[in-house]
Structure formats: C-alpha cells, structure tokens
Amino acid sequence: MPLNSPEWCWMDGEWVRYEDATVHLTTHALHYGSSVFEGIRAYEQVGGTATFRLNCHLRRLMDSCRLARIAPLAFTPNEIRQACLEIVERNRHGSCYLRPLVHRGAGSLGLNPESSPVHVSLLSFEWGPYLGAEALEHGVDVTISSWRRAAPDAMASLGKIGGQYVVNSLVSIEAKQNGYHEGILLDQAGFVSEGAGENLFAVYDGGLVTPPISSSILGGITRDTVITLARDLGLEVREERLTRDRLLLADELFMTGTAAELTPVRSIDRVDVGAGRPGPVTRRLQGEFFDLVQGRLPDRHGWLERVPQFEASVV
Ligand SMILES: Cc1ncc(COP(=O)(O)O)c(C=O)c1O
C-alpha cells in the first residue's frame with residue numbers, strides 16, 4: 001500500500017520535513033542491512049489517540065540493537081518514547097503506525113560497522129489493515145512458503161534486524177505472485193514458525209496453540225497480548241511446536257502482528273481451515289483485541305498511553 005506522506009519525521013533529535021528525511025548513498029545499512037526497527041500502532045479513541053504497548057516496543061528496539069551490536073545510541077528509550085508521542089500530534093494523526101529505526105550511517109563500506117555512526121529516526125503514517133480491508137472480516141488465504149526461517153545459529157530471530165527481512169520479503173513476494181495473501185515459514189527442523197510479518201495461533205477444541213520461541217519466531221508483542229487476553233478469558237494457551245499436518249487440521253487459525261493485528265486465516269494452500277471462515281474463538285479474541293485498543297474495554301494491563309498535547313507541535 002502507498003505511504004501517505006506525513007509532514008514531519010524525526011531524525012537524530014531534529015524534526016525534519018518528510019521530503020528532507022533522506023540518507024547518503026554510503027549508508028552502511030543500505031548495503032548490509034545494519035539496522036533495527038519497530039512497528040507500533042496508535043489508535044484513535046474517544047477523546048484522543050493512544051499508543052499500544054509503546055514501552056514493550058522500545059524495549060524490543062533496545063534488545064534488537066544489542067543483538068545487532070548497534071551502539072552507542074545518542075538517545076535514551078525515554079527520549080525515543082517522547083518522540084513517538086509527539087509525532088502523532090505533529091502529523092495530526094488519528095490512528096497511525098509508527099516506525100522507529102536505528103541504523104548504521106555513512107562511513108566506511110567495510111563489513112565491520114564500527115566507523116559508521118548510529119542514527120536514530122522515526123517515521124509515522126496512517127495505515128489501514130495490513131493484509132487488506134477484507135482480511136479482518138473474512139480471513140486470508142495463506143501458503144506454506146518454499147523459504148524457511150533461518151536456523152537459530154544462522155540468525156538472531158528475536159531481533160527486528162533490517163537485513164534479516166530479505167527472506168521475509170521473498171516470502172511475501174512469492175505468496176502474492178501465487179495468489180495468496182501471505183506466506184508461512186517453517187523452521188529448519190520443519191516445524192511451523194510464523195508468517196512473513198506475523199505470529200500464528202491454531203485453535204483445537206477451543207484451546208490455543210502457538211509455536212514457541214525455539215521455533216525461530218520473533219517474540220511478537222501482539223502474540224503476547226493475545227496469550228494474555230485468551231488466558232484472561234479462561235482459554236487454555238500452549239506454546240508448543242506445531243507440525244505442518246497438525247496446522248492443516250486446526251479448527252481455526254489466525255495471525256497476529258502490529259501491522260496485521262488479529263487476522264483470521266481461512267485457507268492454507270487452498271485447503272479450508274475448519275469451516276473456511278473465521279471461527280468463534282478467533283472472533284471472540286478479535287473482539288477483545290479491538291475493544292481494548294479502541295478504548296471500549298478498560299485498559300487493565302496498562303498497555304495504552306494517551307498522546308498528550310505538545311505546545312511545540314503548533315508550527
Ligand atoms: C517476522 C515477524 N514476526 C512476527 C511479527 C509480529 O510481532 P508484533 O506483534 O510485535 O508486531 C512481526 C512484526 O513485527 C514480524 O516482523
């Protein structure tokens with residue numbers, strides 16, 4: 001989907017116009033993928049906009065920096081947090097998506113990035129349902145990708161590290177070219193790992209099963225949210241390895257992610273999942289999720305942070 005350009009971006013502590021938010025050709029990250037990033041949603045609610053699990057995302061950004069050996073950062077998580085809140089108001093967003101990015105900048109083009117400075121920046125835009133408007137309502141068609149998630153000793157899958165997303169992009173391209181909304185990756189041992197940009201949940205007899213961290217998944221924040229909400233509702237949730245055949249026998253299947261939110265899966269490789277339409281457990285959790293983020297349920301876990309008014313943003 002096209003990026004509807006906002007007015008302001010934040011780069012190394014400065015507010016810069018969208019069209020001026022550019023980088024040099026010798027940027028290390030352009031050549032070697034030496035960047036880490038986050039995707040965060042903010043939701044319009046009655047009386048204002050609130051970010052969802054902002055502190056968790058910032059913690060994961062710091063973890064990703066640690067895994068990618070990107071240091072030192074000139075900004076603290078709290079300073080980046082302030083920028084995240086301020087950009088929503090500066091760009092006059094209602095619901096929106098925030099993209100903090102930490103990257104190795106212009107310097108030597110040697111593989112060792114030590115002489116390339118570390119930059120911290122932030123972009124925001126308004127973004128509807130990631131897999132299309134119909135996806136949340138009717139579910140998506142997925143395929144098992146021919147690409148695999150890299151082995152745990154070949155990749156730091158818990159980090160959102162730019163270079164690692166080349167494979168995820170290939171998964172997405174392959175799925176679209178073959179007429180699917182999304183692709184699912186198996187791990188190196190042949191167990192189900194995750195979608196190109198989403199975690200997976202299967203439903204069996206009313207209980208949930210999701211692949212564990214050891215299946216080379218990204219530790220999704222929406223995954224954690226859904227595990228918590230499901231347990232709050234008294235549903236059983238197990239983190240256990242899933243084989244491909246077991247996935248095909250699920251009563252219901254859905255994907256979670258900041259971008260994808262909670263998207264039902266209606267078929268795998270053109271075989272219906274369950275009845276071929278979103279099932280009751282998926283619907284119930286989807287309802288809880290959207291009621292929570294859109295402010296219709298009490299924020300009992302303290303996940304939402306209201307965007308305050310910034311005087312400086314009147315420009
Ligand atoms: C590979 C991958 N898996 C899972 C997810 C879901 O993670 P989250 O719910 O934190 O957005 C994402 C998105 O960030 C992702 O890129």
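Hi everyone. Let me start with a definition: a residue counts as near a molecule if one of its heavy atoms lies within 4 Å of it. This is a predicted model, where local features need pLDDT of at least 70 and side-chain atom pairs count only at pLDDT 80 or more, while totals for chains, interfaces and linings use all residues. Residues are numbered from 1 along each chain as its sequence is written, and side-chain values use heavy atoms, with hydrogens and water left out.

So, the ligand. Its surroundings comprise 16 residues, the closest being K160, Y165, I221, T222 and T258. Now the polar contacts, meaning pairs of N or O atoms within 3.5 Å. A ligand oxygen lies 2.5 Å from a side-chain N or O atom of Y165. For T222, a side-chain N or O atom is 2.6 Å from a ligand oxygen, and for I221 a polar backbone atom is 2.7 Å from one. How much of the ligand does the protein bury? Alone, the ligand exposes 380 Å², and the protein buries 95% of that (Shrake-Rupley, 1.4 Å probe).

By class, the shell holds 4 nonpolar, 8 polar and 4 charged residues; here Ala, Val, Leu, Ile, Met, Phe, Trp, Tyr, Cys and Pro are nonpolar, Asp, Glu, Lys and Arg charged, and the others, Gly among them, polar. Helices α5 (165-177) and α6 (221-232) and strand β14 (252-257) each give the shell at least two residues; these are DSSP runs, with H or I of at least four residues for helices and E of at least two for strands.

Thanks, happy to chat!

Definitions and conventions: A polar contact is a pair of N or O atoms within 3.5 Å; within protein, one must be able to donate a hydrogen and the other to accept it, and residues adjacent in sequence count only if both atoms are side-chain atoms.
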